[in-house]
Amino acid sequence: MSTRSLARLTGALYALIIVLGLFAELVVRSTIRVPANPSITALAIQEDLLLVQVGLVADIVVFLADAVVAVLLYMLLRPAGKALALTAAALRLVGTAIYGANLLHMLAAWLLAGGQMAWMTALSQAQMNELALFFLELHAYGYDLGLVFFGLHCMLLGPLLWRSPAFPGVLGVLMVLAGAGYWIGSFTRFLAPQAMAAVEPVYLFPLLGELAFTGWLLVKGTRDSEQPSHGP
């Protein structure tokens, strides 16, 4: 497979990650989780158990594709710095492992609110609903923990893309901003969760950066290799 074909394969998988990731977050999790309201959250899950299951499957596909993309990006960017590319790949894989383990919290919420744990007679329905919401909130924190590693991965892609003759340097700048956006969002949740609504606009940087990078991979693949790099 040529480098350009490899880049386009990476772009196709990255596009799949973005589409399914946005679906799982905006269509599934954001519609069933109602902060501080366990009964409404449980009702939302009960009314559309299939949607929650589809969201779980979408997340699994995202994490599988993420692992492959980590390897493909390493193959594409190692000429710009083998050690840096390997570190970036390792950070993405660590983040993916955290996402995968964190999915158990989402599954627990589905089991509790969806009536799959009816044999737990020691707990009232209200208590099970509260536990379901707790696991959904825990999932949000776990996802942001994974984004700490993914954000650093994006920031390391920045200098790699800047130095690589195969990509325009502006993509490197956008990916550094994307990583910074993820860090701001994650550390705000950990240190000042009450301010999450105020910092939500920073997620426009990751959206713009990853869409631009994915679009370039899909449409252009790579630039002609004879073009000069942006750095040493």
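The model is predicted, with local features requiring pLDDT of at least 70 and side-chain atom pairs counted only at pLDDT 80 or more, whereas totals for chains, interfaces and linings use all residues. Residues are numbered from 1 along each chain as its sequence is written, and side-chain values use heavy atoms, leaving out hydrogens and water.

The patch is formed by Leu-22, Leu-26, Val-27, Leu-204, Leu-207 and Leu-211, which together have about 520 Å² of accessible area. Leu-211, found in α8, counts as partly exposed because its relative accessibility is 44%; the partly exposed class lies between buried (under 20% relative accessible area) and exposed (over 50%), with a 1.4 Å probe and protein chains only.

Glu-210 is also placed in helix α8. This residue is buried yet has no salt bridge, and Arg-92, the nearest side chain of opposite charge, is 5.1 Å away; a salt bridge requires a side-chain nitrogen of Lys or Arg within 4 Å of a carboxyl oxygen of Asp or Glu. The side chains of Glu-210 and Tyr-14 make a polar contact at 2.5 Å. Residues up to four places away in sequence not being counted, Glu-210 touches Tyr-14, Ile-18, Phe-150, Met-175 and Tyr-182 (heavy atoms within 4.5 Å).

In the loop between α1 and α2 (38–47) lies Ala-36. Although not a glycine, Ala-36 has a positive phi of about 65 degrees. Ala-36 counts as exposed because its relative accessibility is 78%.

Note on methods:
Patches are made of residues with over 30% relative accessible area and no salt bridge: like charges are joined within 9 Å, nonpolar side chains (Val, Leu, Ile, Met, Phe, Trp, Tyr) within 5 Å. Accessible areas come from the Shrake-Rupley method with a 1.4 Å probe; for residues, only the protein chains shown count as cover. Helices (H or I, at least four residues) and strands (E, at least two) are DSSP runs, numbered from the N terminus. Lys and Arg count as positive and Asp and Glu as negative; His and the chain ends are not counted. A polar contact is a pair of N or O atoms within 3.5 Å; within protein, one must be able to donate a hydrogen and the other to accept it, and residues adjacent in sequence count only if both atoms are side-chain atoms.
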